[in-house]
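Below are my notes on one helix pair and on the voids in the model. Please read them with the structure open.

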Amino acid sequence: AQAAEANKTYTIATDTTFPPFEYQDASGNYVGIDLDLLKAIAEDQGFKYRLQPLGFNAAVQALQSGNVDGVIAGMSITDERKQTFDFSDSYFESGPIMGVDAKNTAIMSYEDLRGLRVAVKTGTEGATFAESIKDQYGFSIVTFDDSPQLIEEVKAGGSAAYFEDYPVVAYGIAQGNGMKMPLPKEKGGSYGFAVNKGQDAELLKMFNTGLANLKESGKYNEIVAGYLGESF
Ligand code: GLN
């Protein structure tokens, strides 16, 4: 298998817009913590890949149906997903959090969502969390396929709040998207690189070895600090 795989170009799917993990820069290049890590890991381990920015849910579906070899998309390692996928070692801590318009003083807690609408992204941990509390707090849920739509929806007043990963909400706020986080983050899975269960041990091993090497060399810190500053 070793020799046969040597010239293989892996297809890796990712999200379209999930800053600071993946997004297009001003020149249209895909950048972000995930993509910089993947690039450095592939260089370190000597494998080739082609990136497919499909959107989060589409990327997960593409992996499940065998159309791509792996997913790196700020994908949370969860027990449920572990039934279908094998994950690399985790490379970033996350967990969903509620975001609201910075001008909105009415939503301070989940209780304040009663009778209101909340925006989530299809197939995400944030969506699963919102589902898990919606009956208790009496709100309804509307789903969107990408992260920018969540912000637009809340800005336009269609939804009172949105649920999304803490590092992404915090980054958006730091970039001036006009949102705020009234509550602390919820417990959630850390991010991992995913392959189909039992099907790509070799790629997973290269990812893990490369990741460990980047942590050792300081390159991991350099990449993350490049997006989040030294205080991440
Ligand atoms: N971390 C979340 C999940 O895995 C969201 C990922 C994303 O939107 N790219 O469900």
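1. Helix α2 (residues 33-45) and helix α9 (residues 219-228) have axes that come within 10 Å and cross at roughly 155°. Axes here are lines fitted to C-alpha atoms, for helices over the stretch in contact, with angles running from 0 to 180 degrees between N-to-C directions. α2 is therefore roughly antiparallel to α9, a label given to angles over 145 degrees. Elements are DSSP runs numbered from the N terminus: helices are H or I with at least four residues, strands are E with at least two.

2. This is a predicted model, in which local features need pLDDT of at least 70 and side-chain atom pairs count only at pLDDT 80 or more, while totals for chains, interfaces and linings use all residues. Residues are numbered from 1 along each chain as its sequence is written, and side-chain values use heavy atoms, with hydrogens and water left out.

3. On the α2 side, the contact (heavy atoms within 4.5 Å) is made by I33, D36, L37 and A40. α9 contributes K219, Y220, I223, V224, Y227 and L228. By class there are eight nonpolar, no polar and two charged residues in the contact of α2 with α9. Ala, Val, Leu, Ile, Met, Phe, Trp, Tyr, Cys and Pro count as nonpolar, Asp, Glu, Lys and Arg as charged, and the others, Gly among them, as polar.

4. The largest pocket has a volume of about 430 Å³. A pocket is an open set of points on a 1 Å grid over the protein atoms alone, with protein on both sides within 12 Å along at least five of seven lines; lining residues have an atom within 4 Å of a point. The volume is the space filled by probe spheres set on the points, which are joined across faces, edges and corners.

5. Lining the largest pocket are 19 residues, with T78, E80, R81, E125 and T128 closest to its centre. α3 (56-64), α4 (79-82) and α5 each give two or more residues to this lining; α3 gives the most, with five. The lining divides into five nonpolar, ten polar and four charged residues.

6. How many cavities of 30 Å³ or more are there? The count is one, a cavity being a set of points where a 1.4 Å probe fits but cannot get out. About 110 Å³ of space lies in the largest cavity.

7. The largest cavity is lined by 14 residues, and F18, G74, T124, E125 and D165 lie nearest its centre. β10 gives the most to this lining, with three residues. The classes are four nonpolar, four polar and six charged.

Methods:
Angles under 35 degrees count as roughly parallel, over 145 as roughly antiparallel, 65 to 115 as roughly perpendicular and the rest as oblique.
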